[in-house]
Amino acid sequence: MNDTENRLRDYLHTKAADVPDSAHGPGLELDSSNRRPWAPVALAAASIGAVLILAITFLSSLGGNQPGTAGSPANGPVSTQAPRIPYSITLANNPDNPLDTWWATIHDGKQTVKNPGVKGDLLARLGEGWLVTTGYPDPKKSQAAIVSKDGKVRPIGPMGADRPAISPDGKQLAIPVAPYGSAQTQVVVVNVDDGKEVSRAQIPTPMLSSFGWNTAGIWLYANNAARTPMYLWQPGWPAARKLPALGTEIALASAADTFGYSTLSGKAGYCANAATLGANGPDVKRQYCSDKDAVHSISLSPDGGTMLVGGPWIAVDVATGRQTKLRLPTGLVGTSPVAFENATEALVLGLVPDKTPTKPTAQTIYRCRVTTGECKSLVTEKSGEVFGLAKR
Amino acid sequence: VISQRFGSRHVSKGVTNLVVSSGHPHQATAPDDAHAAVSDLYGQHWRGLVRLAVLVIDDRQTAEDIVQEAFAQLYRRWPLKDSDKALAYLRTIVLNAGRSTLRRRKVARLYTPPHQPPADSAEDTAVLGEQRLEVQRALQALPPRAREVLVLRYYLDLPFDEIAQILGISTSTARGTATRALTALTKKLKDPR
């Protein structure tokens, strides 16, 4: 631990002691009339749940799903060639202006592109280059942009933009625009090629952001702790559809209508669910539960055929239920959503934390084959580097 | 090792997500239960949350107001889908409210005549000492998000995935922000102007 860390820790604990151990709050005066009407929903859920748990137990005994063992490789051993999804490197030790430090280079196969002055994040390979956000630190100037191979920057869509969602065919972007203080959010859809606006929705909820865009539509959530309300909207729909609460993280299969979400239930433990959206809510196609390992993240292959559960690092075949344990280093913590390169291979960015919580350890990008569990290390951060993995 | 009992399950079409949270142990619905659960959390975490808020906004009275409101919000939302995350939820509300407070203060400053910043109080100087006041000033000069990450990391010793969850950002961003913020802090401490 360096001197700054020591001084910071010392200051924080001294300052916190301003609130002495003997301090106590004034107490709670809670008005039950303002509470959410949970009772009918929960009772109904409990009833349906009891029936379903019995049904699931029965179906499980019929299915006899077993954790998979390493099967025969589909295409030989996993390759150690460069990641097929771009990643960025940020040099974290820029002494001139450390808080205003953004990606220094994008690495995509054999290509390396230097940052031409963009202040934002790398999101994906798209169009003639790479989709990034730009405009930091002024929220009114934030915008999506394409950085091309020769370092040119082409802004797309409105300013004041939240992170864009990419359409399943990669030809359009859905860009939430929600100025601070506005009671609504505009979702503007523009062409990637020419930047032309082709559709727009107005949703009566402030500060919406997007989980992404799959064939079911554009998934939006409110920026609060519970991430509710959530909406789904497709260009051409007259209004956005309000969704039931689905937790704080939604994973989308980019080229299908499948989505993933996590739940925690007293009996089943931590669950990852792969579902499609039915008329009344999620139509769960596959559920993976563990009473031991927390579900840290869920990712879906582009076709929705595989659900990868971060934490226990289990790949679940959605159609058959077959489970494959990825052979990643023990204790690996994922630091970014898993990015599928194709239907069977995924990139995992993560690190194994040091025993000393504040000691930094390097992130590594692994390539894992979800059908066999084989994983290989591709590239590891050098000192002072921070990797960021794009979505696609 | 995967527990076979909790292995993958196929769920038939037409089943909604009402099912999957139905066994939640804290889906008690009676107001008395909610009151008891939230009061219990209040007893356990009020002080720690006020300390967290004080470190972010540096104002005890506002910190207490924010924490009080956070518990009121928690009560209105109770039961949470995942009651194990109640503390994380409270921390998120407290930090969000702290950020709003700082934003309002900044806006208020824009509409008031320029004035000399208040000198550190004698009480502060006595309690903290000059060395710590340097850290306080350097920390206050950081953007709110950077300050929050440092407080969560170096006061609460939280891992980056938990910090990311509380702040609603990715683990990578949390980690990067901490690194950049610490570097900025070092620079400010070396050159306090």
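Predicted model: local features only at pLDDT ≥ 70, side-chain atom pairs only at ≥ 80, totals over all residues.
Student: Let's start with the overall make-up. How many helices and strands does chain A have?
Tutor: Chain A has 392 residues, of which 51% count as buried. Contacts between residues 24 or more positions apart make up 40% of those with a separation of 6 or more. Its secondary structure comes to 2 helices and 30 strands.

Student: And in what order do the elements of chain B run?
Tutor: Chain B has 193 residues, 50% of them buried, and residues 24 or more positions apart account for 63% of its contacts with a separation of 6 or more. Its elements come to 7 helices and 1 strand. From the N terminus on, they run β-α-α-α-α-α-α-α.

Student: Which element gives the most residues to the largest nonpolar core?
Tutor: That core has 62 residues, and A:Leu8, A:Leu12, B:Phe71 and B:Leu150 touch the most other members. The elements giving two or more residues to this core are H1 of chain A and helices H1, H2, H3, H4, H5, H6 and H7 of chain B. With 13 residues, the one that gives the most is H1(B).

Student: Which residues does A:Leu12 touch, leaving out those up to four places away in sequence?
Tutor: A:Leu12 is among the residues that touch the most other members of the largest core. Leaving out its neighbours up to four places away, the residues that A:Leu12 touches are B:Leu55, B:Leu139, B:Leu150, B:Val151, B:Tyr154 and B:Tyr155.

Student: How many residues are in the second, separate core?
Tutor: Among the members of this second core are A:Val113 and A:Leu122.

Student: How many residues of H5(B) are buried?
Tutor: The buried residues of H5(B) include B:Leu150, B:Val151 and B:Tyr154, and A:Leu12 touches these three residues. B:Arg147, B:Glu148 and B:Arg153 are also among the buried residues of the helix. H5(B) is mostly covered, and the count of buried residues, out of 11, is 9.

Student: How do H6(B) and H7(B) lie relative to each other?
Tutor: Their axes are 8 Å apart and the packing angle is about 105 degrees. Angles of 65 to 115 degrees count as roughly perpendicular, so H6(B) and H7(B) are roughly perpendicular.

Student: Which residues of H7(B) make that contact?
Tutor: From H6(B), the contact is made by B:Phe160, B:Asp161, B:Ile163 and B:Ala164. On the H7(B) side, the residues are B:Thr171, B:Ala174, B:Arg175 and B:Ala178.

Student: What is the packing angle between H1(A) and H7(B)?
Tutor: H1(A) contributes A:Thr4, A:Glu5, A:Arg7 and A:Leu8 to the contact, while H7(B) contributes B:Leu182, B:Leu185, B:Thr186 and B:Leu189. The axes are 10 Å apart. The helices are roughly perpendicular to each other, with an angle of about 90 degrees.

Student: Which ring does B:Arg180 lie over?
Tutor: There are two arginines to look at here. B:Arg153 lies over the face of B:Phe160, at 3.9 Å from the ring centre. B:Arg180 is placed 5.7 Å from the centre of the ring it lies over, that of A:Trp102.

Student: How far apart in sequence are the parts that A:Trp219 and A:Phe259 tie together?
Tutor: This is a tilted aromatic pair, with 4.7 Å between ring centres and 45 degrees between the planes. A:Trp219 lies in strand S14 of chain A and A:Phe259 in strand S18, so the pair ties together parts whose separation in sequence is 40 residues.

Student: What kind of pair do A:Phe259 and A:Tyr261 form?
Tutor: A:Phe259 and A:Tyr261 are both buried. Ring pairs link these two residues and A:Trp219 into a cluster. The centres of the A:Phe259 and A:Tyr261 rings are 5.7 Å apart and their planes at 25 degrees, so the pair is stacked.

Conventions
Residues numbered from 1 in each chain as written. Chains lettered and ligands numbered in written order. Heavy atoms only, no water. Phe/Tyr/Trp six-rings, centres within 6.5 Å; stacked < 30°, edge-to-face > 60°. Helix = DSSP H or I, 4+ residues; strand = E, 2+ residues; numbered from the N terminus. Buried < 20%, exposed > 50% of the residue type's maximum accessible area, 1.4 Å probe, protein only. Lys NZ or Arg CZ within 6 Å of the ring centre and 35° of its normal. Core = buried A, V, L, I, M, F, W, Y, C linked by side-chain atoms within 4.5 Å. Contact = heavy atoms within 4.5 Å. Axes fitted to C-alpha atoms, helices over the stretch in contact; angles between N-to-C directions. Parallel < 35°, antiparallel > 145°, perpendicular 65-115°, else oblique.
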